[in-house]
Amino acid sequence: MSSNSNISVGLLGLGTVGSGVINLIENHQEELVHELGCGVNVKGVLVRNLDKTRDVNINPEYLTTNPEDVLNNPEIDVVIEVMGGIEEARNHILKAFAAKKHVVTANKDLIALHGAELHQAASENKCDLLYEASVAGGIPILRGLSDGLVADKIQKVMGIVNGTTNYILTKMDDEGVPYDDALKEAQELGFAEADPTADVEGLDAARKMAILARLAFSTPVDLNDVEVSGISDLELTDFQYGKKLGFTMKLIGIANFDNNQVEVSVQPVFLKSDHPLANVKNEYNAVYVNGEAVGETMFYGPGAGSLPTATAVMSDVVSVIKNKLLGVNGHRFTKPRFEKVLKKPENRYGQFYFRLHVKDEVGAFTTISSLFNQLNISFERILQAPIKPENRNELAEVIVVTHETSLDKFKKVLEDLQNVEVVEEVKSYFRIEGDVE
Ligand SMILES: NC(=O)C1=CN([C@@H]2O[C@H](COP(=O)(O)OP(=O)(O)OC[C@H]3O[C@@H](n4cnc5c(N)ncnc54)[C@H](OP(=O)(O)O)[C@@H]3O)[C@@H](O)[C@H]2O)C=CC1
Ligand SMILES: N[C@@H](CC=O)C(=O)O
């Protein structure tokens with residue numbers, strides 16, 4: 001320990017999250033002292049550009065472009081990685097462990113890909129590795145799973161785990177803001193990743209769902225096991241039909257575990273308007289966790305942004321320091337309990353929405369209905385409208401809302417629709433969620 005009064009931390013990164021961490025350390029020092037019995041100091045901050053104007057109060061002497069000034073600084077006990085990226089961050093963290101420093105990170109890209117390796121390195125060096133901020137920003141969801149619900153058997157985790165896309169979808173749906181403008185706002189507010197493709201294509205949410213599924217189900221889910229689709233090619237027409245049908249569009253992560261089989265996906269989903277997640281707006285996230293004993297729980301809060309994310313980082317820093325002060329190794333990684341078995345499509349169920357462009361001719365509708373009937377997929381709702389008045393006799397837009405069916409039947413009917421002559425084009429299709437169960 002650097003001294004028996006204050007504890008020193010070093011940061012890798014001083015952007016949106018790093019600045020929030022500095023702010024919290026400065027403005028909540030009394031809370032930290034009360035909780036820990038000592039203060040928390042910052043003794044080194046790695047940045048890329050020393051000349052950048054920073055809106056945080058940091059002694060310029062502590063800024064450096066040399067990672068060794070943090071990783072091998074004998075005064076620093078805890079390294080906080082908030083620089084993002086994968087390879088460099090991974091190397092820095094491995095070096096920090098080798099120098100017997102504990103690590104707190106907000107980096108879901110890294111944990112989703114190299115979590116097992118980093119846990120191993122932490123264990124070998126008797127160091128802590130904590131990453132509460134990596135999933136759902138300011139919501140203490142990882143601690144909720146690993147502490148609060150640790151004695152339960154978790155069956156389902158479902159939620160909105162990306163702030164940027166939720167912000168974009170809310171703006172598009174509620175205010176009709178065009179996609180590009182809404183994305184720009186989310187970037188300006190510091191919610192988006194350095195490359196926002198990861199947000200809008202669903203990859204950021206997929207990384208978080210992989211981390212959640214591993215922790216909730218104790219099975220080694222990989223990023224590759226998560227089926228992903230994003231929001232970048234959504235059309236306003238579907239939002240409009242959604243409104244008519246009482247649905248709200250959200251990017252939803254779904255992870256289920258039953259009979260020791262797992263399924264994890266991230267996709268734009270139509271939520272029925274009474275679904276509790278339908279009213280989670282802007283950068284807010286919410287995660288449902290269903291456990292065998294506890295039943296339904298919901299975790300809700302800001303999923304991105306400087307101070308909310310810094311709160312999660314600092315909760316880990318406080319845990320690590322408490323472990324240090326108590327002289328215990330708080331590294332809580334346990335090997336997965338269950339071998340990974342992915343659920344087969346015939347055992348996965350959902351309700352679906354299709355938007356079809358159909359040739360407006362006699363018998364077309366009967367042909368389409370028969371494709372669904374052959375697979376025993378029944379309809380909950382059907383809407384039909386001409387595409388444009390001048391095309392009245394050529395194409396009609398048909399919206400089909402099915403009852404629940406298996407994923408293999410959904411895939412089969414989708415293929416059949418794409419191959420039948422009366423269907424000019426399958427314009428879009430989405431999963432629908434009615435209940436949390
Ligand atoms: N923004 C958010 O709301 C959330 C972000 N996260 C995660 O937190 C991490 C940080 O995100 P965020 O703060 O938004 O990112 P920013 O892009 O705002 O900040 C990154 C910081 O790291 C520094 N940096 C980046 N690469 C290097 C490098 N190679 N060498 C030295 N310094 C480097 C930058 O230096 P410089 O300032 O000189 O350019 C900058 O200070 C990411 O892993 C992100 O996924 C997690 C939850 C929420
Ligand atoms: N880009 C992420 C930041 C937090 O993890 C998001 O928008 O959720």
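Predicted model: local features only at pLDDT ≥ 70, side-chain atom pairs only at ≥ 80, totals over all residues.

Reply: V45 stands opposite L63 in strand β3. Strand β2 covers residues 40-46 and is mostly covered, with 6 of its 7 residues buried.

On to the next neighbour of β2. Strands β1 and β2 pair in the parallel sense over 6 bridges. Within this pairing, I7 has V40 in β2 as its bridge partner. Strand β1, residues 7-12, also pairs with strand β4, residues 78-81, again in the parallel sense, over 4 bridges. There the bridge partner of G10 is V79 in β4.

These pairings are part of an open sheet of 6 strands, whose order is β3-β2-β1-β4-β5-β6 and whose pairing is parallel. The edges are held by β3 (63-64) and β6 (129-130); each has a single partner strand, so one side of each is left without a neighbour in the sheet. In general, strands of a sheet pair through backbone hydrogen bonds, either parallel or antiparallel.

The protein is divided into domain 1 (7-137 + 307-326), domain 2 (141-302) and domain 3 (345-433). The centres of domain 1 and domain 2, taken over C-alpha atoms, are separated by 26 Å. Across their boundary, 13 residues of domain 1 are in contact with 18 residues of domain 2. On the side of domain 1 that touches domain 2, helix α5 (residues 108-124) gives the most, with 5 residues. By class, the residues of that side divide into 6 nonpolar, 4 polar and 3 charged.

Ligand 2 has A304 among the residues around it, together with G137, N162, G163, T164, F191, A192, E193, D199, D204 and G303. The shell around ligand 2 divides into 3 nonpolar, 5 polar and 3 charged residues.

For antiparallel pairing, one may turn to strand β7. Of the 7 residues of β7 (residues 154-160), 5 are buried, so this strand is largely enclosed by the rest of the structure. It is joined by 6 bridges to strand β11 (residues 284-291), and the two run antiparallel; I154 stands opposite G291 in β11. Strand β7 also pairs with strand β9 (residues 247-258) in the antiparallel sense, over 4 bridges, and K156 stands opposite N256 in β9.

Finally, helix α10 (residues 203-217) has 15 residues and reaches 21 Å from its first C-alpha to its last, close to the 21 Å expected at 1.5 Å a residue. This helix is mostly covered, with 15 of its 15 residues buried. Just after α10, S218 takes a positive phi of about 50°.

Definitions and conventions
Residues numbered from 1 in each chain as written. Chains lettered and ligands numbered in written order. Buried ≥ 20, exposed ≤ 12 C-beta atoms within 10 Å, placed from the backbone. Pairing = 2+ DSSP bridges. Near = placed C-beta within 6 Å. Nonpolar A, V, L, I, M, F, W, Y, C, P; charged D, E, K, R; others polar. Expected span 1.5 Å × (residues − 1). Domains from an automatic or database assignment. Contact = placed C-beta atoms within 7 Å.
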